[in-house]
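Let's take a walk through this fold, starting with its sheets and ending at the ligand. Keep the viewer open as you read.

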Amino acid sequence: MWLSGGSNLRIKVEERIDAVPQLRFNLLPAAFEHVHGDARLFAVLQSHRRIVNLRNFICRKQTHSIHHHKICHPLIVSPSENVHLVPSRSAATHAFTLELVPMTSDLKSSSTTRDLVILGSGCSGLTAAIYAGRSNLNPLVLEGHEPGGQLSITTLVENFPGWPEGIQGPELIENMKKQAQRFGTELRMAHLTAADLSAHPIRLTIGAEVVHTRTLIIASGASARWLNLPSEQALIGHGVSSCATCDGFFASGKPIAVIGGGDSAMEEALFLTRFASKVTLINRTGKFRASPIMLERAQAHEKIEFLANTIVEEVLGVEEKDVKGLRIKNTVSGVESILPVSFMFLGIGHIPNAQAFRGMMDLDEDGYILTKNDVYCTLNGEVLPGVYACGDIQDRRYRQAITAAGSGCMAALEVEKYLEEHGR
Ligand SMILES: Cc1cc2nc3c(=O)[nH]c(=O)nc-3n(C[C@H](O)[C@H](O)[C@H](O)COP(=O)(O)OP(=O)(O)OC[C@H]3O[C@@H](n4cnc5c(N)ncnc54)[C@H](O)[C@@H]3O)c2cc1C
């Protein structure tokens, strides 16, 4: 594996990486305090592969936990990949060393059996941890490839109850983490790679370690699909969003673009007409996958304009930290132009993070977990003892922080009940 950096970035390759499925990187900023003035990672780590898979793509400004003066983030890459570290403007003057710590292939088995492991540190996982922690279950939370989940990549959250002026997404998540830790939760920067749910206790493979647990809460969310342009990633929360319900209000009176051609793009575009002065729907092909009724509804709307055979090449406004427009290209004529919009919404779907459970539990046709009575996981319709799911991984309808947190609470209460009935 080779590493390369942006123009002002020095990267030292510490080790050659052998055939390991998971790496952890420690990013050591030279000017630590300065760079972390606002506790954000000002670097963008980008993993390129022929078919870009969002799960392998960490390319965001994001709050990171800082342990021993290191920022740790598990990076899932295959040995043949190239990894580029792209500094943002703010980081350009600082030197970083990137230390790659390969996971060994010898699995180490932990000697104790946990009461509860929670997969995911988004608002559903952390709410589950708060409840379970207060019941003395000392849950282990695996932070996964998106520590803090989706709220950690957004800016102002105005619809989470209790914050009349709104709260920054990363701050809300940080508060939840502190609250969970206060009641004995252990947070670990780790990613689940395999699981055996038929074993009792349940067997989880986490990097090089095997962890046994009596119960499991899957709160692994569904990652939004992005275009994966560096400028797009830099502007998430600053005019780029994948959640119309969450951020539509901020687009009030502004011209916006929606990317996509399926039902979710049409739904987003129609919803956003309530706020935006104009909605331009951009689709890379000339063919829209949306159902005829949704397509007709969008086409009939006076505020929606369709741009087919068009791709976005760059989101403008990175320096200003605010979307100023899109550089677009017609894929047929090759002509480039600037579309003056103030917001870009992605409507190209989500990737449910339940791949590790395929064949072990009931999933729907898109890979979301099908639950019974809200949070019980099942196999062929039969409840899987001790296995629960909450948040966006089992809810493709509401996808909100409060609903995710609510189901996290429900899952934790079910765990308590299960452990009471089956003995700890
Ligand atoms: C840009 C944006 C803005 C938003 N704004 C708002 C808003 O203003 N208000 C609102 O209510 N909602 C908002 N949402 C929606 C809200 O963020 C989600 O509904 C919520 O985060 C779902 O929480 P979750 O815990 O289910 O999943 P997520 O937040 O997606 O968290 C999933 C967690 O699982 C972990 N994980 C995944 N796979 C593994 C694995 N194999 N091993 C270990 N861990 C794993 C990830 O690392 C992550 O920590 C927004 C979403 C986006 C994308």
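In what order do the 3 strands of the open sheet with antiparallel pairing come? They come as S23-S24-S25. Keep in mind that this is a predicted model. Strand S23 (310–316) and strand S25 (336–339) stand at the edges with a single partner strand each, so one side of each has no neighbour in the sheet. On average, and ignoring direction, neighbouring strands here are turned by 30 degrees against each other. Strand S24 (residues 325–330) pairs with S25 in the antiparallel sense, and in that pairing Ile328 sits opposite Ser337 of S25.

Now for the other sheet. This open sheet has 5 strands, ordered S19-S26-S20-S21-S22, and its pairing is parallel. Its edges are strand S19 (240–241) and strand S22 (304–307); each has a single partner strand, so one side of each is left without a neighbour in the sheet. Strand S21 (residues 278–282) runs parallel to S22, with Ile282 opposite Leu307 in S22. Helix H6 (residues 263–272) packs on this sheet, where it touches strand S20 (255–259), S21, S22 and strand S26 (343–346). The direction of H6 makes about 165 degrees with that of S20.

| Strand pair | Sense | Bridges |
|---|---|---|
| S21 and S22 | parallel | 4 bridges |
| S24 and S25 | antiparallel | 4 bridges |

Next, a pair of helices. The axes of H2 and H8 come within 7 Å and cross at roughly 40 degrees, and the crossing is right-handed. On the H2 side, the contact includes Cys123, Ser124, Gly125 and Tyr131; H8 brings residues including Ala401, Ser407, Gly408, Leu413 and Val415. By type, the residues of this contact divide into 12 nonpolar, 5 polar and no charged.

H2 and H8 turn up again at the ligand. Helix H2 (123–134), helix H5 (244–247) and helix H8 (401–422) each supply at least two residues of the shell around the ligand. Which residues come nearest to the ligand, of the 42 around it? They are Gly122, Gly144, Gly149, Gly221 and Gly391. The shell divides into 18 nonpolar, 19 polar and 5 charged residues.

Why does the ligand lie between domain 2 and domain 3? Domain 2 (108–223 + 354–421) and domain 3 (230–346) both give residues to the shell around the ligand, so the ligand lies between them.

Definitions and conventions. Residues are numbered from 1 along each chain as its sequence is written. This is a predicted model: local features need pLDDT of at least 70, side-chain atom pairs count only at pLDDT 80 or more; totals for chains, interfaces and linings use all residues. A residue is near a molecule or strand if its C-beta atom, placed from the backbone, lies within 6 Å of it. Ala, Val, Leu, Ile, Met, Phe, Trp, Tyr, Cys and Pro count as nonpolar, Asp, Glu, Lys and Arg as charged, and the others, Gly among them, as polar. Domain bounds come from an automatic or database domain assignment. Two strands pair if DSSP finds at least two bridges between them. Two residues are in contact if their C-beta atoms, placed from the backbone, lie within 7 Å. Axes are lines fitted to C-alpha atoms, for helices over the stretch in contact, and angles run from 0 to 180 degrees between N-to-C directions. A crossing is left-handed if the near helix is turned anticlockwise from the far one by less than a right angle, and right-handed if clockwise.
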